[in-house]
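Thanks for coming. I will go through one structure, from its pocket to its cores and its aromatic rings.

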Amino acid sequence: MSLFKKNKTKEFDFVLPQHVGIIMDGNGRWAKKRHLPRSAGHRAGAQTFRKITRYCSDIGIKYLTVYAFSTENWRRPGDEVDSLMKLFKSYLEEALSDFKDDSIVVRFIGDKAPFSEDLRALMIENEESSKDRDGMVLNIAMNYGSRDEIVRAVKSISGDVQKGIINIDSISEDTVSSRLYTCGQPDPDLIIRPSGEYRISNFLLWQCAYSEFVIMNKLWPDFTPNDMDHALEIYSKRNRRFGGV
């Protein structure tokens, strides 16, 4: 294969995926193993998120989608949800300057409506301040659930059919894709799930139809750039046929 060169410090002897998705799993178990509150695990996970995001940007990944908070996570204990919201607010305030020199474009996918007004404002400010950058696109999935995303897409298409904007016979896979949060982006080539769990957890169900999956038996706060390299190497050895021979 052609050599993929990192524009800063590293070279790979294989072609990197364009789009990587990560299910950031295992924060709570990381804290439990250390007899710490779950909030400590989430803080450690946030630090790992910053490190891995910057690393992916540095090595030339074009799109990174991370699963930060699902539509189901609201069911967690109230004190844990409150702690997560405070952590998100702190991160978003820091992110306004944190990724500024990395040329990272920040986007939030999911329904922003349930979040507090100040959190929504910070999300919008991060998106607006980064939209003209030319680096990696970082999708942060917040209050995201793929079934909810697909339902929203179906409602949007149905509304246009009712209005006569589109004909029902013209609806295609591209029509559905165009109504998803990731519209205009390539589907993920690789999805990584740390923590050893073999579940997709309602993440990018439509988009991952032909994604390669790498499950790693390491909790997210312990995930390192070397683990990222290992996942990329595993991906590089897969024979992606997309249903063909």
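I start with the ground rules and then take the pocket.

This is a predicted model, in which local features need pLDDT of at least 70, side-chain atom pairs count only at pLDDT 80 or more, and totals for chains, interfaces and linings use all residues. Residues are numbered from 1 along each chain as its sequence is written, and side-chain values use heavy atoms, with hydrogens and water left out.

The largest pocket has a volume of about 700 Å³. A pocket here is an open set of points on a 1 Å grid over the protein atoms alone, where a 1.4 Å probe fits, with protein on both sides within 12 Å along at least five of seven lines. Its volume is the space filled by probe spheres set on the points, which are joined across faces, edges and corners. Lining residues have an atom within 4 Å of a point. There are 33 of them, and M24, Y67, A68, N73 and R76 are the closest to the centre. The lining divides into 17 nonpolar, eight polar and eight charged residues; Gly counts as polar, and Asp, Glu, Lys and Arg count as charged.

Now the cores. A nonpolar core is a set of buried Ala, Val, Leu, Ile, Met, Phe, Trp, Tyr and Cys residues joined through side-chain atoms within 4.5 Å. Buried means under 20% relative accessible area, with a 1.4 Å probe and protein chains only. The largest core has 43 residues, and I22, L138, I140, I192 and M228 have the most contacts inside it. Helix α3 gives the most to this core, seven residues; helices are DSSP runs of H or I, at least four residues, numbered from the N terminus. A second, separate core has nine residues, including Y67, I109, A141 and C208.

Last, the aromatic rings. Rings of Phe, Tyr and Trp (its six-membered ring) pair if their centres lie within 6.5 Å; planes under 30 degrees apart count as stacked, over 60 as edge-to-face and the rest as tilted. How many aromatic pairs does this rule give? The count comes to eleven. F12 and F14 form a tilted pair, 5.4 Å centre to centre with 50 degrees between the planes. F12 is buried at 6%, and F14 is buried at 8%. F49 and Y91 form an edge-to-face pair, at 5.3 Å and 75 degrees. This pair links distant parts of the chain, with F49 in helix α2 and Y91 in helix α3, 42 residues apart. Y67, Y144, Y181 and F203 form one aromatic cluster.

Notes:
Buried means under 20% relative accessible area, exposed over 50%, partly exposed in between (1.4 Å probe, protein chains only). Helices (H or I, at least four residues) and strands (E, at least two) are DSSP runs, numbered from the N terminus.
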